[in-house]
Amino acid sequence: MRGFADELKDIRFWDSGIEKLIEEQGLPAIDFVMQTREEIIALCEWIDENRIKSYLEIGIWTGGLVNLLHRCFKFQRTAACDIGAARLFSLEINLAPGILFYEGNSHSPIYPNWRRKLGQIDLTLIDASHSYEDVKRDFAINRKFPHRYIAFQGIVANKYTGDGVKQFWTELEGEKFEIVRPHTEIGSSEPTMGIGIWRAANKSQS
Ligand SMILES: C[S@@+](CC[C@H](N)C(=O)[O-])C[C@H]1O[C@@H](n2cnc3c(N)ncnc32)[C@H](O)[C@@H]1O
């Protein structure tokens, strides 16, 4: 097993400094990965074990997570979609060479054409709008295209994004695997995010 904790040690995740700024002023103009470090280490282990060869992230903020996964796994195909909210915070979106990017709305009529051209995507992570309706819509759109797994960030309700993803995840039928870890970097023994990984119970459902 690779030592992902060591491989990710140079990456800034959502830590206590970020949490303090968010509580005081809302999202800060700081480049960080909007995830719990321990959950991304566990996601890396899952990706490794499941031999994921292609990855799409919907909702990338500045691109920190998609870049680190691209770096760790050298996917045959890496793609990203975002409407560019980070720019409203004067932050740049910087994607590593080779990552295919659709800068636009994942619910737009253009998105399915872009997604179709990607072909098979082993793992799609939905991490855009966390409202129940929006997550449901992203799932409905993306499940139509060739995939192995679809994952959801935010299956644990929190004070910032609410419980829309949790509700959707609870209702979702199929094979489900959860990565939920305490958010230790903000000093909490409780999880605040959680990642749910789904695949259809049988191929005819996907
Ligand atoms: C929680 S952040 C993503 C965090 C990122 N995955 C990470 O790990 O750092 C949510 C992002 O979703 C984007 N977003 C929200 N709604 C969207 C939509 N309908 N289509 C595309 N991007 C969207 C926002 O611009 C924002 O950058």
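Select strand 1 (residues 54-58) and strand 2 (77-82): the two pair in the parallel sense over five bridges. Strands here are DSSP runs of E of at least two residues, helices are runs of H or I of at least four, and both are numbered from the N terminus. Two strands count as paired if DSSP finds at least two bridges between them. Within this pair, Ser54 stands opposite Arg77 of strand 2.

The model is a predicted one, in which local features need pLDDT of at least 70, side-chain atom pairs count only at pLDDT 80 or more, and totals for chains, interfaces and linings use all residues. Residue numbers start from 1 along each chain as its sequence is written.

Stay on strand 1 and show its side chains. Ser54, Leu56 and Ile58 point one way, Tyr55 and Glu57 the other way, and all are buried. Buried means that 20 or more other C-beta atoms lie within 10 Å of the residue's own; with 12 or fewer it is exposed, in between partly exposed, and C-beta atoms are placed from the backbone.

Five of the six residues of strand 4 are buried. Strand 5 (147-153) comes next: strand 4 and strand 5 pair in the parallel sense over five bridges, with Leu125 opposite Ala151.

Select Ala151 next. Not counting residues up to four places away in sequence, Ala151 touches Leu123, Thr124, Leu125, Ile126, Ile195, Gly196, Ile197 and Trp198; contact means C-beta atoms, placed from the backbone, within 7 Å. Ala151 is also among the residues with the most contacts inside the largest nonpolar core, which has 42 residues. Such a core is a set of buried Ala, Val, Leu, Ile, Met, Phe, Trp, Tyr and Cys residues joined through C-beta atoms within 7 Å. Elements supplying at least two residues of this core include helix 3, helix 7 (164-171) and strand 7.

Turn to the ligand. Of the 21 residues around the ligand, Gly59, Leu65, Ala85, Ser106 and Ala128 come nearest; a residue is near if its C-beta atom, placed from the backbone, lies within 6 Å. Helix 4 (64-73) and strand 2 each supply at least two residues of this shell.

Last, select Glu92, in the loop between strand 2 and strand 3. Glu92 counts as exposed because it has 9 C-beta neighbours inside 10 Å. From Glu92 to Leu125 is 33 residues in sequence and 21 Å in space, C-alpha to C-alpha.

How values were computed:
Contact = placed C-beta atoms within 7 Å.
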